[in-house]
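Subject: Structure handover

Hi,

Here is the structure for you to look over. Please open it alongside this note.

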Amino acid sequence: MINLEALMTSTELCSTLTFPTLKKLSVNDVPTGHELADLELDVSFPCFPDVVTIWSSVSKHVRQQLLEEKPQAVSITGLGTFHIKKMHSFENGKMLMFQRPVFSLSRTVAQIRELRHASVPVPGEIEKVRVAYKKTYLDAPYSERVMQHCVQETLTYFYFILKKKEDVDFVLKGVGTLAIRGTEVTMAFCEDFLLSLNKSTDMVEKLLTKKWVISDKEVTLFPSHFGRVHQLPQFEMKVVPRRVSLSDAETCKEVESGLGSTGTKGVLVTD
């Protein structure tokens, strides 16, 4: 079991960041005793109160909004915005319509370092909404306040990783994985989500074959200079193929130089 309190305390030794809510939470264990009161746990729910559960609830909310008959553009403040783009393709004498999910990185993330990610504006006719914690907390045994603070503190830790110039996979269960390798950013989507959007395995296969979207199954093959990536919101380290363009000495120097850098030329994209 990951000890989030120890991890957060270690992080605080390197920065002025504080994580009061995360230090009371667990990744895969259930708090007991006074922790239940501190976290305002609703005991009428099954006991799965952890960081992953909170983020799964947020991801479920995003997925539901995108699968509506008239989907909205939904934003996770400080991470990015999702919307659905309708596409047409003329094949074998037939006009086919696809629904492609699109992700635009938050300006907050892009400004941390020079991330390569195209800004895709949300069409004016699509209504824009933010994740509503008043709705998401109904799917998890936490108060609205705790859920919101957990999300904010997880994102703060995410920024800390990026400032160190390390690599990360941010998993949104049932939606996809935001993969950052160096300055390269990829939003890879779950095939089940793509199928729910398009109602056809053939449509999904065409989307993937034409590289209009990337499957999250490919994320494990994305190489890193370090041969490992942080995985959030699990707060784990995951082994991935190692990119060998940098020597070990150069890699260490790159990490050290990133500790105090916030970047100034990041791509300005949606909030």
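Below is what turned up, from the whole chain down to single ring pairs.

Overall

This is a predicted model. The protein chain has 271 residues, and 49% of them count as buried. Nine helices and ten strands make up its secondary structure. The accessible surface is about 13600 Å². Carbon and sulfur atoms account for 53% of that surface. Take the contacts between residues at least 6 apart in sequence: 63% of them join residues at least 24 apart.

The six-stranded sheet

Six strands form an open sheet with mixed pairing. The order is E8-E7-E6-E5-E9-E10. Strand E8 (214–215) and strand E10 (236–239) are at the edges. Each has a single partner strand, so one side of each has no neighbour in the sheet. E10 runs antiparallel to strand E9 (residues 228–232), and four bridges join the two. Arg228 has Val239 in E10 as its bridge partner.

Helix H6 packs on this sheet. H6 touches E5, strand E6 (176–181) and E9. The direction of H6 makes about 155° with that of E5. H6 covers residues 144–163, 20 residues in total. Its first and last C-alpha atoms are 29 Å apart, close to the 28 Å expected at 1.5 Å a residue. After H6 comes Lys165, with a positive phi near 65°.

The E2–E3 hairpin

Strand E2 (residues 80–91) pairs with E3 in the antiparallel sense, over twelve bridges. Gly80 has Leu105 in E3 as its bridge partner. Two residues lie between the strands of this hairpin, and Asn92 takes a positive phi near 50°. How far is strand E3 enclosed by the rest of the structure? Nine of the twelve residues of E3 (residues 94–105) are buried, so the strand is largely enclosed.

Helix H3

H3 runs over residues 51–66. Its 16 residues should span 22 Å at 1.5 Å a residue. The end C-alpha atoms are 23 Å apart, which agrees. H3 is mostly covered, with 13 of its 16 residues buried.

Aromatic pairs

A search of the whole structure gives ten aromatic pairs. One of them is Trp55 with Phe170. This pair is edge-to-face, at 4.9 Å centre to centre and 65° between the planes. Trp55 sits in helix H3 and Phe170 in strand E5 (residues 168–172). Trp55 is buried, at a relative accessible area of 1%. Phe170 is buried too, with a relative accessible area of 1%.

Phe82 and Phe103 make another pair. Their ring centres are 4.8 Å apart and their planes are at 50°, so the pair is tilted. Phe82 lies in strand E2 and Phe103 in strand E3, so the pair ties together parts that are 21 residues apart in sequence. Both Phe82 and Phe103 are buried.

There is also an aromatic cluster. Its members are Phe19, Tyr157, Phe160 and Phe235.

Best wishes

How values were computed. Residues are numbered from 1 along each chain as its sequence is written. This is a predicted model: local features need pLDDT of at least 70, side-chain atom pairs count only at pLDDT 80 or more; totals for chains, interfaces and linings use all residues. Side-chain values use heavy atoms; hydrogens and water are left out. The expected span of a helix is 1.5 Å times one less than its number of residues. Buried means under 20% relative accessible area, exposed over 50%, partly exposed in between (1.4 Å probe, protein chains only). Two strands pair if DSSP finds at least two bridges between them. Contact means heavy atoms within 4.5 Å. Accessible areas come from the Shrake-Rupley method with a 1.4 Å probe; for residues, only the protein chains shown count as cover. Rings of Phe, Tyr and Trp (its six-membered ring) pair if their centres lie within 6.5 Å; planes under 30 degrees apart count as stacked, over 60 as edge-to-face and the rest as tilted. Axes are lines fitted to C-alpha atoms, for helices over the stretch in contact, and angles run from 0 to 180 degrees between N-to-C directions.
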